[in-house]
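Please look through the structure shown below, and then follow the paragraphs after it, which move from one part of the chain to another.

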Amino acid sequence: MKLYIRYSILALFLWTLLIMSSVYWNITNEKKQTLELAKKEARANFNKDQAFRLWASRHGGVYVPPDERTPPNPYLTHIPDRDVITQSGKSLTLMNPAYVVRQLMEEYTEMYGIRGRITSLKVLNPKNSPDLWEQMALKKFESGTEEVIEIVDMDGKPYLRLMRPMSTKKHCLKCHAHQGYKEGEIRGGVGIALPMEPYIVMEKKEVMAISALHILFWIMGTAGIGFLFFHSTKRLKERIEAEKSLRESEEKFRVFFESAPELFYITSKDGTILSANATAVKVLGYGREKLIGTSINRFYTSDSKLKLEELKQKLIHEGYIENEEMTILTHGGDKRDILLSIKPFIEKTESETNSIYVQRDITDYKMLNEELSQYIYTISHDMKTPLRAIQNYSDFLYEDLEESLDGEQKMYLQNMTRAVRKAENLVEDLLEFSRVGRKELEIIEIDIYKFLSNLVSSLEFPEDVEITIMGKLPIIESDLKLLRQIFENLIINAVKFNKSTKKLIEIGQKTKENHSCEIFVKDNGIGIDPQYFKEIFQVFRRLHPPQEYDGTGIGLAIVKKASIMLKGSLHVESTPGEGSTFFITLPINLKEE
């Protein structure tokens, strides 16, 4: 932040210096232009007066009628023909050039404001005596100066004064020979005085315009610097916050990565381990330094290595791998079952794509699940015998004592029979649930349309049930028994949880991709509240009391488990009172999965 402030102050200083330099240069240039313009006008007027003087000198002066304004020049009495009378009797007096110029300036100066006169250090007429400035200029002429020009005050106002030397010409000797001048000598100077006030007024206007324009530029530049400063500081603050958030995020990821219960690795594109978390170190039994730099393929069994090579093609096409069951080998030679997920990513400081490997150890879970399934199977199987005995003894009692039993006693026996049947149904469902996944999959080619047609034909439903298999359905490679468990349970539930006069059930295909298909089972039943979409797939989870809808609450749990075994997925869309639609996504070729 301090660096930005220093840079902004420096930028403001340089900008101000640049503007001030530009103002100084422009004003100086304007003053030079004003002076040059005044000089041009002064020289133009000088040349005009000089031409007039030369003309008058070449003609030996000008004869005019004498009057009060133009009396005979008392300083030309040495000229024999100063005063003449024409043949007509008209009197004329001679006006030499200095006399003419002086009278012109005295009488017509106000007309054009420029003063002009001829002067010398040795004058005929005292009125032509030089002032101090002219004396200075005349002395300079004696040392060879060709022109003296500068701005001076005259009568309290600024004037541009210009004077050039006046050399003695042959025709000048008529009036000045008696002064001792010889042809070619400097005998005086011709000068003019140009009033500068109009030029100064114009110059001030230009200077004000230049100053105003530069002030505007300075304000705009300063505003720009201010905008850049605030924008930059805002961006800096955002970057600092982003970097802080990134550091916090990286720290959170580091903590998560290191403390995660799963085996986490970061690998290069070729599968070399760049980083491994504590769980990976603990499970594999290798030191962290041994893991880093080693190919991750080293820790898979032979079958899993082959599967991993196949999965790499899936990774290229789909961009990720999720929950693929694999087997790894520990340092001690033990096998561990894991669910593998891979997601490529690009490091911010690297251009090469790395990958994050996540291995979830399911060895203990599978053992526990196997033990639980075996326990459920054993308990369910063992319960069938006493339940069957209770059922049989109940039937024997009812047959032997039917005539001697009163109504209440008969009701007790009937209720006991119904309870036993419910218990038997529950046991059968538990056995069915435990069998899912216990056997090896038998993958065969299955025409879904024919399979569903045969399944619907094998099920018995009331006349108010209408089941429609819609459109063309795919041919897939899968396990027939698990597919039957999925669709049989969904169809039975669609009929059971339906209060419509006409129970309509539709089965069809929603989408089909290169590697999977999505089959739906849609009904017009009672529907499901969205808040229970996850709960309905749990074992024994019932949304309605048994008095309203019969069942054990295991059917959808079987569907869920079977879809997982077939490498598929399951979800539901429903609106209470409008029906439900269950979507099952299945791979086209289960062998490739």
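**A walk through the model**

At the start of helix α12, a side-chain oxygen of Asp479 comes to within 3.1 Å of the backbone nitrogen of Lys481, which is a polar contact, meaning a pair of N or O atoms within 3.5 Å, where within protein one must be able to donate a hydrogen and the other to accept it, and where residues adjacent in sequence count only if both atoms are side-chain atoms. This is a predicted model, in which local features need pLDDT of at least 70 and side-chain atom pairs count only at pLDDT 80 or more, while totals for chains, interfaces and linings use all residues. Residues are numbered from 1 along each chain as its sequence is written, and side-chain values use heavy atoms, with hydrogens and water left out.

Helix α12 itself covers residues 480–496; helices (H or I, at least four residues) and strands (E, at least two) are DSSP runs, numbered from the N terminus. The expected span of a helix is 1.5 Å times one less than its number of residues, so the 17 residues of α12 should span 24 Å, and this agrees with its end C-alpha atoms, which are 24 Å apart. Among the buried residues of α12 are Leu482, Ile486, Phe487, Leu490 and Val495, as well as the polar Gln485, Asn489 and Asn493, where buried means under 20% relative accessible area, exposed means over 50%, and partly exposed lies in between (1.4 Å probe, protein chains only).

Lys503 belongs to strand β16, residues 503–512, and counts as buried because its relative accessibility is 12%. A polar atom of the Lys503 side chain lies 3.5 Å from the backbone oxygen of Ser500.

Strand β5 (residues 148–154) and strand β6 (residues 157–167) pair in the antiparallel sense over seven bridges, and two strands are said to pair if DSSP finds at least two bridges between them. Within this pairing, Val152 has Tyr159 in β6 as its bridge partner. Two residues stand between the strands of this hairpin, where Asp155 takes a positive phi near 55°. Most residues other than glycine have a negative phi. Asp155 is exposed because its relative accessible area is 66%.

The side chain of Asn277 reaches the backbone nitrogen of Phe264 at 3.1 Å.

Another positive phi, of about 60°, is found at Lys567, although this residue is not a glycine. Lys567 sits in the loop between α13 (555–565) and β18 (569–575), and it is partly exposed because its relative accessible area is 37%.

What makes up the nonpolar surface patch of about 600 Å²? The patch is made by Leu3, Tyr7, Leu10, Phe13, Leu14 and Leu17. Phe13 is found in helix α1 (residues 2–58), and it counts as exposed because its relative accessibility is 51%.

Terms used
Patches are made of residues with over 30% relative accessible area and no salt bridge: like charges are joined within 9 Å, nonpolar side chains (Val, Leu, Ile, Met, Phe, Trp, Tyr) within 5 Å. Accessible areas come from the Shrake-Rupley method with a 1.4 Å probe; for residues, only the protein chains shown count as cover. A salt bridge is a side-chain nitrogen of Lys or Arg within 4 Å of a carboxyl oxygen of Asp or Glu.
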